[in-house]
Amino acid sequence: MAVPTYASPLERAWHYAYLAICAAIFFFLIAPIIVIIPLSFNVEPYFTFTDKMLSLDADGYSLRWYRSLLTFGMQNPDATGAAFWSDAWANAKWVNAAKNSIIIGVFSTIVATGLGTLAALGLSRPEMPFRRAIMAILISPMIVPLIITATGMFFFYSNPCELLTMFGLSPECGRLAGTYLGVILAHATLGIPFVIITVTATLVGFDQSLNRAAASLGANPRTTFFRVTMPLILPGVISGALFAFVTSFDEVVAVLFIAGPDQQTIPRQMWNGIREQISPAILAVATLLVVFSILLLTTVELLRRRSERIRGVTPR
Amino acid sequence: MANAALDPHAAIATTASGVETGRLTTADGKPLARALARSQRRARRRAFLLVLPLLAFILITFVVPIGQMLQRSFYNDGFSANMPEVSAWFARTERGTPPDEEAWTALAADLTASAEARTIGVVGTRINYDLSGSRSLFTSTGRQVRRGIEPPYDRALQEIDEKWADPQLWSTMREASIPVTANFYLAAVDRQRDAEGNIRQVEERQQVYVMLFGRTFWLSAVITALTFVLGFPIAHLLATLPMRRSNLLMILVLLPFWTSLLVRTTSWMVLLQQQGVVNDILVWLGIIGGGQRLQMIYNQTGTIIAMTHILLPFMILPLYSVMRTINPSYVRAARSLGATSWTAFRRIYFPQTLPGLGAGAMLVFILAVGYYITPALVGGASGQLISNMIAMHMTDTLNWSMAAALAAILLAAVLVLYWLYDRLVGVDNLKLG
């Protein structure tokens with residue numbers, strides 16, 4: 001946006017002031033995320049830039065916090081070679097947390113994306129009854145405060161069969177709290193709104209006559225779905241899945257309430273670390289997570305462009 | 001789905017043969033209206049069947065658990081289930097009846113039975129919710145009555161602890177003898193029942209919940225206002241720049257959005273602490289002296305700064321998508337008719353951004369009201385919100401009924417806002433990135 005030619009000097013001045021204000025706000029948005037990256041390489045256990053770091057002296061930087069991440073919880077951190085790595089893989093707390101986060105994230109994403117995509121297909125049909133009300137219910141896990149969701153899940157997951165006592169039955173069944181299945185189901189619930197939102201948004205631009213064309217050419221419903229519908233909505237489905245994965249990967253409240261000691265995830269480990277004694281090792285984790293989110297963001301952006309291109313939607 | 005009867009358009013296409021007879025029928029002679037209604041019914045059912053698995057999933061894992069949890073806010077049988085005889089005495093007598101021989105006997109029997117069954121702690125906890133200090137009274141009495149207790153029970157129990165004669169205790173037990181109670185809601189608005197059963201405010205130093213609800217809504221409003229002030233210029237800039245450059249700058253908005261909440265909270269903890277980067281820069285610039293570093297974290301300021309930063313993208317994105325659709329020629333027309341740039345902005349541009357502003361503000365406010373993680377980590381004592389109180393009752397005091405009552409009030413507020421949001425904006429207009 002350029003200053004129009006008829007602008008007065010005052011308006012010109014305002015325009016540049018406005019750009020400066022915008023730059024400051026962008027700085028506010030991005031600086032807190034960027035600044036922790038160099039701080040995580042600090043050789044000293046401080047949370048600020050030392051003089052050595054400011055003068056770009058290599059002695060001011062080190063990888064010690066990354067190493068401490070890896071060795072935390074290991075039985076023999078002084079071992080070398082293969083022994084070191086197998087110990088790290090088996091015992092290091094952050095490595096285990098990462099494994100748990102990925103297992104829980106992947107499975108909850110599969111559940112959320114599968115159910116969510118089906119539902120989004122139904123919701124985008126014009127003949128869907130009670131569309132608005134059902135949509136409102138399906139989006140609500142995103143709106144209801146997490147602490148309320150987690151509290152409700154805490155009671156339900158400690159005894160999932162309690163529900164059946166309403167019907168006069170008193171069956172015994174295992175706890176879901178403290179199991180992987182419990183955390184996966186909880187995270188799937190929290191990820192579903194994101195899948196619904198992204199997939200229905202993709203389906204808004206979907207031309208239903210393509211399905212009819214496929215049907216009139218003799219394709220059965222399954223072929224129509226996999227050969228025509230799916231390739232077109234796939235970018236939306238994938239970005240919905242990424243949203244669901246990130247939701248699970250970043251979720252701590254439900255984990256605090258329903259997970260057991262075996263389901264220690266990265267956010268929970270971070271939460272413990274921050275609450276007890278915050279050390280620069282937390283910054284090293286944070287840096288790794290920032291890099292991870294940059295990768296995800298790039299993927300989502302590329303998918304969005306691809307989706308616009310193959311559907312012939314020109315960017316607004 | 002290639003079946004013609006499924007598709008209303010196909011059904012119409014097959015009616016050409018029926019037109020001649022004057023009555024619309026399908027190719028196989030059925031009345032068109034009925035065939036159409038049937039096919040629509042079938043299409044509705046099919047659409048619904050696609051949604052059904054997810055709807056069932058959400059109902060079972062989300063809606064019902066929350067409902068069950070809320071039930072605890074008005075139903076607590078911790079006392080009545082374990083103290084049946086004295087509960088029966090309460091049911092027989094009127095409010096305010098002083099305990100008689102029968103009551104003391106029932107109480108002693110119940111205490112003995114409950115102590116034997118090791119449920120005395122549950123009973124004590126239930127009474128403790130309404131009258132603090134009672135839990136130890138119940139557990140210690142329980143230990144003593146297990147060793148045996150002789151009539152007359154009134155004297156025997158009062159010898160164990162004279163608190164048993166307290167009318168306030170008996171009034172509290174009477175309240176607790178009915179499992180369905182509104183007392184937790186009363187407590188959630190800083191009210192309680194006195195010995196006569198009248199509702200009155202709790203002591204001044206115990207009045208916390210109303211203040212916390214007030215603070216939660218006030219801070220959420222402040223944060224919403226701040227996100228508006230910071231988000232509006234950014235959204236406007238992004239909407240008016242050419243697509244290529246705005247897409248590039250959009251990354252600066254989306255990166256925080258995709259970054260872990262805990263990471264963003266951590267970085268604010270690191271930046272704002274007294275030995276942190278922000279204070280260092282202020283000292284270096286000479287704005288503050290080395291000895292007067294600002295306390296910007298572990299208080300309300302910390303909560304406001306961190307939450308504004310975290311929620312800012314939720315304001316920018318809806319504002320941006322509305323601003324993109326605003327036709328710039330309206331502002332140009334206003335200018336050519338003699339409006340100053342300020343008037344053109346105020347009278348022409350700003351009113352057109354209101355739908356986006358409304359959507360963003362409601363979303364930010366709804367999310368802010370229920371925030372837990374960030375206030376817990378950076379809020380200190382003065383920056384805690386109502387969610388933190390719910391968590392405290394869940395994990396520390398274990399007063400689950402109280403947590404449920406507070407959650408019910410918070411949930412009601414959020415659902416009203418959500419309903420408004422759905423009315424004004426529509427949930428299907430929610431966009432992410």
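Visitor: What span from first C-alpha to last does helix 19 of chain B reach?

Guide: In this predicted model, helix 19 of chain B runs over residues 400–424 and so holds 25 residues, for which 36 Å would be expected at 1.5 Å a residue. Just after this helix, B:Gly426 takes a positive phi of about 90°.

Visitor: How many charged residues does the contact of helix 10 with helix 16 of chain B have?

Guide: The residues that meet include B:Phe217, B:Ile223 and B:Phe228 in helix 10 of chain B, and B:Leu357, B:Val364 and B:Phe365 in helix 16 of chain B. By class, this contact of helix 10 with helix 16 of chain B has 9 nonpolar and 6 polar residues, while the number of charged ones is given as no charged residues.

Visitor: Which helix gives the largest share of the side of chain B that touches chain A?

Guide: The contact between the chains takes 79 residues from chain B and 84 residues from chain A. On the side of chain B, the residues divide into 56 nonpolar, 16 polar and 7 charged. The largest share of that side, 19 residues, comes from residues 32–71 of chain B, that is, helix 2.

Visitor: Within chain A, which helix gives the most to the side of domain 2 that touches domain 3?

Guide: The domain assignment gives chain A a domain 1 (1–38), a domain 2 (40–90) and a domain 3 (92–310), and the centres of domain 2 and domain 3 of chain A, taken over C-alpha atoms, are separated by 34 Å. Their contact takes 15 residues from domain 2 of chain A and 12 residues from domain 3 of chain A. On the side of domain 2 of chain A, the elements that give two or more residues are helix 3 (64–71) and helix 4 (81–91) of chain A. The one that gives the most, with 6 residues, is helix 3 of chain A.

Visitor: Is the crossing of helix 9 and helix 10 of chain A left-handed or right-handed?

Guide: Helix 9 (residues 209–216) and helix 10 (residues 221–249) of chain A pack at an angle of about 140°, with their axes 10 Å apart, and they are therefore oblique to each other. The crossing of helix 9 and helix 10 of chain A is right-handed.

How values were computed
Residues are numbered from 1 along each chain as its sequence is written. Chains are lettered from A and ligands numbered from 1 in the order in which they are written. This is a predicted model: local features need pLDDT of at least 70, side-chain atom pairs count only at pLDDT 80 or more; totals for chains, interfaces and linings use all residues. Two residues are in contact if their C-beta atoms, placed from the backbone, lie within 7 Å. Helices (H or I, at least four residues) and strands (E, at least two) are DSSP runs, numbered from the N terminus. Ala, Val, Leu, Ile, Met, Phe, Trp, Tyr, Cys and Pro count as nonpolar, Asp, Glu, Lys and Arg as charged, and the others, Gly among them, as polar. The expected span of a helix is 1.5 Å times one less than its number of residues. Domain bounds come from an automatic or database domain assignment. Axes are lines fitted to C-alpha atoms, for helices over the stretch in contact, and angles run from 0 to 180 degrees between N-to-C directions. Angles under 35 degrees count as roughly parallel, over 145 as roughly antiparallel, 65 to 115 as roughly perpendicular and the rest as oblique. A crossing is left-handed if the near helix is turned anticlockwise from the far one by less than a right angle, and right-handed if clockwise.
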